[in-house]
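Please keep the sequence and the coordinates at hand while reading.

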Amino acid sequence: MDIKVLREEKSVSQVNNFFLGVVLWSVFIQFMPINPNYYQYIAFLIPISIYLFLNKSNIERILKPNMLNLKSIFIIVCIWVSVLPIILLMAELYIYFFGDTLANIVSQNSHESLTINFFLIAITPAILEELLMRGIILDGYRNKSRLVAAIMNGFMFGMLHLNSFQFFHTFIAGIIASYLVYATNSIFAGMLIHTINNGLPLIIDYLYPVVPEETSIAEPNFIGLVIFALIGLVFLIKLFRLLFKVNNISTKENRGFSKEKIFGFPLLISTIIFIGFSILIILNI
């Protein structure tokens, strides 16, 4: 593939500018007197709709609305189990060094109803955030290698949450979800693992609620967490290879890659805004 043609396409610049717009819009919405339950729809659905309307001729390429086969669904569930120790390790490390105040605020449920909470916390983000990140943003990096695109997608996905606690484990989650889309050629793969990751803990919490009086603060077993994370990583690699094979997609990329610059003005400003807003949140808790 002609590298010069790829450079002229400027797809990375296009989605980086779009991401900056989403970040600015999301921060602005934070200070608006709106019901928090509507935040995701206003912050994400509006810009997503505008982008897809302006790029409707490429909507199938952007969204990859291909159905998952049963083998892929089973493997994706196994991948979630494998990556869970890694995400838990990242969360525990953050709490150990920075405390759990922000973590508790972020994990608070807004409703007593399991149905409403599941819809707001699991279903809605799984649809909107995947359309945004593993649809629009990942498509913009289509002329980069999978590794570069997945890492950048994870980085931007972490910043999208506008707080330091969620950044680290959503960074990992973004990389995993990106590779799921690559391994299945379906955005539904990202939506599935997103729904499981947000929804299953919610269901367990409702079925087996933790009574504050019965809990005691214990030091996390980091050695055990690291061991489980390493075991999970080994299984993760094997499962991804299997997922690529099941969907007849090569793990190797025999094509040219764009040399278009990634860290330009839009991504730099997005990063500064994320850091500044994260600090602002910490100072106000």
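## Helix 7 against helix 10

The axes of helix 7 (residues 114–140) and helix 10 (residues 187–207) come within 8 Å of each other and cross at roughly 155 degrees, where axes are lines fitted to C-alpha atoms, for helices over the stretch in contact, and angles run from 0 to 180 degrees between N-to-C directions. Helix 7 is therefore roughly antiparallel to helix 10, given that angles over 145 degrees count as roughly antiparallel, those under 35 as roughly parallel, 65 to 115 as roughly perpendicular and the rest as oblique. The contact of helix 7 with helix 10 comprises 14 nonpolar, 7 polar and 3 charged residues; in this classification Ala, Val, Leu, Ile, Met, Phe, Trp, Tyr, Cys and Pro count as nonpolar, Asp, Glu, Lys and Arg as charged, and the others, Gly among them, as polar.

The model is predicted, with local features requiring pLDDT of at least 70 and side-chain atom pairs counting only at pLDDT 80 or more, whereas totals for chains, interfaces and linings use all residues. Residues are numbered from 1 along each chain as its sequence is written, and side-chain values use heavy atoms, with hydrogens and water left out. Helices (H or I, at least four residues) are DSSP runs, numbered from the N terminus.

## Helix 2 against helix 8

Helix 2 (residues 11–30) packs on helix 8 (residues 146–160) at an angle of about 15 degrees, their axes lying 11 Å apart, and the two are therefore roughly parallel. The contact (heavy atoms within 4.5 Å) is made by N16, F19 and V22 of helix 2 together with M156, M159 and L160 of helix 8. By class, these residues divide into 5 nonpolar, 1 polar and no charged.

## Aromatic pairs

Across the whole structure, a search finds 15 aromatic pairs, that is, rings of Phe, Tyr and Trp (its six-membered ring) whose centres lie within 6.5 Å, with planes under 30 degrees apart counted as stacked, over 60 as edge-to-face and the rest as tilted. Y39 and F44 form an edge-to-face pair, 6.0 Å centre to centre with 70 degrees between the planes. Y39 is buried at 18% relative accessible area, and F44 is likewise buried at 3% (buried means under 20%, exposed over 50%, partly exposed in between, with a 1.4 Å probe and protein chains only).

F167 and F171 form a stacked pair, 6.1 Å centre to centre with 20 degrees between the planes. Because they are 4 residues apart in helix 9 (residues 164–184), F167 and F171 are separated by about one helical turn. F167 is buried at 14%, whereas F171 is partly exposed at 23%. Ring pairs link F167 and F171 into a cluster with Y94, F98, F155, F165, F168 and F274.
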